[in-house]
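Here are some notes to read alongside the model. Keep the 3D view open and find each residue as it comes up.

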Amino acid sequence: MSKNRFRVHGVSNSLWNEDLAPVAREDRRWGLWDLCSVWLAAAVGVPAWLLAGGLVASGMTAGQAAGTLLVGSVLALLPMGLSGAGGITFGVPSTVLLRASFGVIGARVPAVLRALVSSGWFGIQCWIGGLAMYAVLRLMMPGIHAEAKACCFAVFWVASVALAVWMPLRGRAVREGSTLLLLAGAVGLLLMIGMGARPGEALEGALNVVPCDETQMQLFRKILGGSLTAVFGFWSVVVLTASDVTRHMRTQGVGGRRPWAGSFFQLVGVAAVLAVVIMMPGVLVWNPVDLILRLHQPVLATLGLVAVAVGTMGANLSMNVVEPAAVFSGLRPKAISPRMGAVIVGLVGMVAMPWRLTADPARYVGGWLLVVSGILGPVAGVMIMDYFVVRRRSLDVEGLYVRGGQYEYSAGFNVRALRAMAAGMIVAFAGLLFPRLHLLFEYAWFVGFGVAALVYLALMSGPAERASISPTPLLIPMQGFEGEGA
């Protein structure tokens, strides 16, 4: 009886379908390995390597970069745990959880913002995959022109979009397989680097046993704030979608291991970049694809590049296509199918010009990741403040799926939440527009989160908004579901 109470059985409306339905506790099957595979799919991907290499390229020593990555990942655990609490208690995904604060229709606004960011990541992953293809061709044909990079990107992009449209890949097998490929590529790269490094030098550099001089410390203090924000920007999508994972977990305690796993594999990227610097003094390679080419081991390099290309495509399809495609489709379900939504994801990813976002560490770490922080930090601020302070962890689950219920607000929009989110973004990006306020942009995630949360709390302390339409009860039994662990 309890299993059937919360399932859809083919019934749907504009706010309810099989994917959005709450997951009852007896239906939860995910364990520690499932959690690790989701986490590692992000942590082992090439974007994480670019972040690690970018911090070293920006002037940090290996020890400073490692500490920054570790501290940033551990700090990200707090908002991640808060964001995932609703999934643990009520079994609802993040898209539905946003309806409590933004309204049943207004939740589409932050959902679209998140989808646009995910589409940007899709484009970046396609560019990385294209670079891996180009690198393989370069090993086979050393005289190939650099202009072939654009052709390889186009081929990889078309293949990724085609697979997303005709063979929707969202199962655990794709996610776990791509994660293992990327992990194998990372380990293989370190082994190749170890073959060429002189004994003891890599360990000495990694531990940073030589004290930093005052100039180095001044540089570190100057870039530390923006670097921590970049780490939060890297994990910001995962922070917002934590409940998508926790709603499937059998137990609550295993989530605490996630940031340590993420930090470990980010440190793998730091170690790889550092080893190359030791092997080739005066040459800094922050992109792992270029790094592999410089190792002059054609057979191993080819295997590593193929692993990067295939693993990147699998991770990209499982992480950056399904959710944003569903968001775009949900805007106009009759006109935009999920397959068309996948095409939109691909087009947005191309328009984002990933070749420019990853052209150098400054554009990636100090540009893309900080912009993402300023966009998604305010969304997290509103959502977390609403769940824990305004509603005190109490939700009307049925009201999240109907029009005219508790979360209808004004025509489905909570204008106060939208204003608070906008306030957080405006303050964060003011530092980008006005040089004297650059510190605000440098700490974009934290500034946007704090401003949006405080403004939302102040606005919600006023009179409650009333629904502007009559309630339309959900035609699916929900009796007895009060969030007691689903």
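**Notes on the structure**

1. Pro47, Leu50, Leu51, Gly54, Leu55 and Ala57 in α3 meet Pro361, Tyr364, Val365 and Leu369 in α18. Contact here means heavy atoms within 4.5 Å. Helix α3 covers residues 46-57, and helix α18 covers residues 361-390. Their axes come within 9 Å and cross at roughly 110°. Axes are lines fitted to C-alpha atoms, for helices over the stretch in contact, and angles run from 0 to 180 degrees between N-to-C directions. The crossing of α3 and α18 is left-handed: the near helix is turned anticlockwise from the far one by less than a right angle, whereas clockwise would be right-handed.

2. A word on the source. This is a predicted model, where local features need pLDDT of at least 70, side-chain atom pairs count only at pLDDT 80 or more, and totals for chains, interfaces and linings use all residues. Residues are numbered from 1 along each chain as its sequence is written, and side-chain values use heavy atoms, with hydrogens and water left out.

3. Now the whole protein. It has 21 helices and zero strands. Helices (H or I, at least four residues) and strands (E, at least two) are DSSP runs, numbered from the N terminus. Of the 486 residues, 53% count as buried. Buried means under 20% relative accessible area, exposed over 50%, and partly exposed in between (1.4 Å probe, protein chains only). Take the contacts between residues at least 6 apart in sequence: 84% of them join residues at least 24 apart.

4. How many salt bridges does the structure hold? There are three. Each is a side-chain nitrogen of Lys or Arg within 4 Å of a carboxyl oxygen of Asp or Glu. Side chains of opposite charge can pair when their charged atoms come close.

5. Arg363 and Asp360 meet at 3.6 Å, N to O. Arg363 is partly exposed, at 40% relative accessible area, and Asp360 is partly exposed too, at 25%. Arg391 and Asp386 meet at 2.9 Å, N to O, and both of these residues are buried. Glu408 pairs with Arg403, with the closest N and O atoms 2.7 Å apart. Glu408 counts as buried because its relative accessibility is 0%. Arg403 counts as partly exposed because its value is 25%.

6. Next, the rings. Rings of Phe, Tyr and Trp (its six-membered ring) pair if their centres lie within 6.5 Å. By this rule the count comes to 14 aromatic pairs. One of them joins Trp445 and Phe446, at 5.7 Å centre to centre with 75° between the planes. That pair is edge-to-face, since planes over 60 degrees apart get this name, planes under 30 count as stacked and the rest as tilted. Trp445 is buried, at 5%, whereas Phe446 is partly exposed, at 30%. Elsewhere, ring pairs link Trp121, Phe234, Trp235, Tyr364 and Trp368 into a cluster.

7. Look at Gly412. Where is Gly412 placed? It sits in the loop between α18 and α19 (415-433). Gly412 is buried, at 0% relative accessible area. Gly412 and Val104 are 308 residues apart along the chain, yet their C-alpha atoms are separated by 5.2 Å. Leaving aside neighbours within four places in sequence, Gly412 is in contact with Phe102, Gly103, Val104, Ile105, Gly106 and Arg403. Arg403 is also the salt-bridge partner of Glu408.

8. Finish with two helix residues. Ser243 lies in helix α11 (residues 242-246) and is buried, at 0%. Not counting residues up to four places away, Ser243 touches Ser83, Gly84, Gly87, Val92, Pro93, Ser94 and Leu97. Ala85 lies in helix α4 (residues 62-90) and is buried, at 15%. With the same exclusion of residues up to four places away, Ala85 touches Tyr387 and Phe388. Ala85 and Phe388 are 303 residues apart in sequence and 9.4 Å apart in space, C-alpha to C-alpha.
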